Amino acid sequence: MENNNKSSNNVLFSYLDHPDIKFETYEPGEKIILLLRAHPFTQINWVFNSVLLLVFLLIMNPFIGNFFNQSQMFIVNVFSLAFIASYIWSSFLDWYFNVGIITNKRVIDIDFSGILYKEVTVARLDKVEDITIKSGGYFEALFDFGTIFIQTAGMESNIEFANVTRPSDAVKIINNLLGRRHGS
Amino acid sequence: MDLSQFLSFFNSGAFTDVIFKVAAIFIAIMYVLYSVIIAKQVRIMDKSLEASFNQFIFFVCSLQTTAALILLIFAIFIS
């Protein structure tokens, strides 16, 4: 989970220029320009929680040792570690698969909430009317992340890329694509 | 089993052992189900976003399912 300022094909980055990926509604001839994920700093919540749970387990071990025998303690510890590992894994998957994709034709927002619920929002570039960046706060300024709102015309859904890395660069790219499309 | 045997079963600690074993097996079964659902869901997620790194994600998911099954065996035979 890194934040890179250069173009890269490492899929774990949160800002990827021309990534080597494909997506479900990919159309032949469509070029993927940019892939955006939430900034790694916004994931600090679950990293902190996981460390806290591990420390809690370590602290509680001598106390709960009085209630269980050795084999039961082993089971309790293994189950607790499995629970923490699952929490880390599902949080990572949540981060990894929630992406915003900008192609030369469309803007796509893929959202998985709680891993099980999937929502894919697609807007054609010629339907994009207005783009807004919301970035306020110390951490947003320090780590350069924010939320992009893309308003579309007609019946198409509006798109929101939450807490993405380098939002102004991403908007610049979308504006360039819009200019290119409107100019052509 | 007469009443005195029944009461000694509760006082000997065997009762809490049985409760622990049942709870451990139940949690282990829930964990197996959870890991299978996550593995299935990752297949769906892979269709939404295909990347070379997804192979590693599949590998971790299969590890998780294997670990869940081992836990279930532990819960049945060890606890």
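Student: Is A:R166 buried or exposed, and what is its relative accessible area?

Tutor: The model is predicted: local features need pLDDT of at least 70, side-chain atom pairs count only at pLDDT 80 or more, and totals for chains, interfaces and linings use all residues. Residues are numbered from 1 along each chain as its sequence is written, chains are lettered from A and ligands numbered from 1 in the order in which they are written, and side-chain values use heavy atoms, with hydrogens and water left out. A residue is buried under 20% relative accessible area, exposed over 50% and partly exposed in between (1.4 Å probe, protein chains only). A:R166 is therefore buried, its relative accessible area being 13%.

Student: Where is A:R166 found, and what is its phi?

Tutor: Helices (H or I, at least four residues) and strands (E, at least two) are DSSP runs numbered from the N terminus. A:R166 belongs to the loop between β9 and α4 (167-183) of chain A. Although A:R166 is not a glycine, its phi is positive, at about 45°.

Student: A:H18 also has a positive phi; in which loop is A:H18 found, and is it buried or exposed?

Tutor: A:H18 is not a glycine, yet its phi is about 45°. Its loop runs between β1 (15-17) and β2 (22-23) of chain A. Because its relative accessibility is 52%, A:H18 counts as exposed.

Student: Which backbone atom does the side chain of A:T147 reach?

Tutor: A:T147 lies in strand β8 (residues 145-152) of chain A and is buried, at 10% relative accessible area. Leaving out residues up to four places away in sequence, A:T147 touches A:T132, A:I133, A:K134, A:E160, A:F161, A:A162 and A:N163, where contact means heavy atoms within 4.5 Å. A polar contact is a pair of N or O atoms within 3.5 Å; within protein, one must be able to donate a hydrogen and the other to accept it, and residues adjacent in sequence count only if both atoms are side-chain atoms. At 3.2 Å, the side chain of A:T147 reaches the backbone nitrogen of A:N163.

Student: Which element supplies the largest share of the lining of the largest pocket?

Tutor: On a 1 Å grid over the protein atoms alone, a pocket is an open set of points with protein on both sides within 12 Å along at least five of seven lines, and lining residues have an atom within 4 Å of a point. The largest pocket has a volume of about 300 Å³, a volume being the space filled by probe spheres set on the points, which are joined across faces, edges and corners. Its lining has 20 residues, of which A:A38, A:D94, A:N98, A:D111 and A:A162 lie nearest the centre. The largest share, 5 residues, comes from β9(A).

Student: How many charged residues are in the lining of the second largest pocket?

Tutor: The second largest pocket holds about 160 Å³ of space, and its lining includes A:F79, A:Y87, B:I27 and B:L71. Ala, Val, Leu, Ile, Met, Phe, Trp, Tyr, Cys and Pro count as nonpolar, Asp, Glu, Lys and Arg as charged, and the others, Gly among them, as polar. By these classes the lining has 9 nonpolar residues, 1 polar residue and, as for charged residues, none.

Student: How many aromatic pairs does the structure hold over all chains?

Tutor: Rings of Phe, Tyr and Trp (its six-membered ring) pair if their centres lie within 6.5 Å; planes under 30 degrees apart count as stacked, over 60 as edge-to-face and the rest as tilted. Over all chains, the number of aromatic pairs is 15.

Student: What kind of pair do A:F23 and A:Y26 form?

Tutor: A:F23 is buried, at 4% relative accessible area, whereas A:Y26 is partly exposed, at 31%. The ring centres of A:F23 and A:Y26 are 5.7 Å apart and the planes stand at 85°, so the pair is edge-to-face.

Definitions and conventions. On a 1 Å grid over the protein atoms alone, a cavity is a set of points where a 1.4 Å probe fits but cannot get out, and a pocket is an open set with protein on both sides within 12 Å along at least five of seven lines; lining residues have an atom within 4 Å of a point.
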